[in-house]
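Good morning, and thank you for coming. Please look at the sequence and the structure while I speak.

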Amino acid sequence: MKKNLIMTLLATATLLAANGVWAKNVKTADKDNDGTLDKTEAKAIPVVAKNFDAIDVDKDGTVDQIEINTFLAMKGDKDSDGTLDKKEVKNKAIAKAFDKLDTDKDGTLDAKEISAFFAKQ
Ligand SMILES: [Ca+2]
Ligand SMILES: [Ca+2]
Ligand SMILES: [Ca+2]
Ligand SMILES: [Ca+2]
């Protein structure tokens, strides 16, 4: 039940990311306007606060939009092998650019390839 709730929250967050409202949420939470959320600022967005350490892949103590979007996209990794195959990609823009994003041509997208996508946005 609890897991379902989290999945619903993440699905909502992914939807928000897709239409730009999510970015606005991050902007609102970013009180000092430095473009990243520290742990205190992240409290405004529960799904980010809860997964802060997992989202902060470069371990600089803050999460930026790229890290958050990458984390949300990687949630589609149903078989937990650390990469997304074509069936696991939920973001339409990523699905469309799949072959281009798959820079090592292994047929899947890893977190690095996905974060490169968001870095270009
Ligand atoms: Ca900040
Ligand atoms: Ca970080
Ligand atoms: Ca996978
Ligand atoms: Ca790849």
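Which residues of the largest nonpolar core touch the most other members? They are Val48, Val63, Ile68 and Ile114, in a core of 18 residues. By nonpolar core I mean a set of buried Ala, Val, Leu, Ile, Met, Phe, Trp, Tyr and Cys residues joined through C-beta atoms within 7 Å. A residue is buried if 20 or more other C-beta atoms lie within 10 Å of its own, exposed if 12 or fewer, and partly exposed in between, with C-beta atoms placed from the backbone.

This is a predicted model, in which local features need pLDDT of at least 70 and side-chain atom pairs count only at pLDDT 80 or more, while totals for chains, interfaces and linings use all residues. Residues are numbered from 1 along each chain as its sequence is written, and chains are lettered from A and ligands numbered from 1 in the order in which they are written.

The protein chain contains nine helices and four strands; these are DSSP runs, numbered from the N terminus, with helices (H or I) of at least four residues and strands (E) of at least two.

Returning to the core, at least two residues come from each of α2 (21-29), α6 (65-74) and α9 (111-119). The largest share, five residues, belongs to α6.

Let us now consider α9. Its buried residues are Glu113, Ile114, Ser115, Phe117 and Phe118. Their cover includes α6, α7 (92-96), α8 (98-101) and β4 (109-110). Leaving aside residues up to four places away in sequence, Ile114 touches Thr70, Ala73, Met74, Ile94 and Leu109; such contact requires C-beta atoms, placed from the backbone, within 7 Å.

How values were computed. Two residues are in contact if their C-beta atoms, placed from the backbone, lie within 7 Å.
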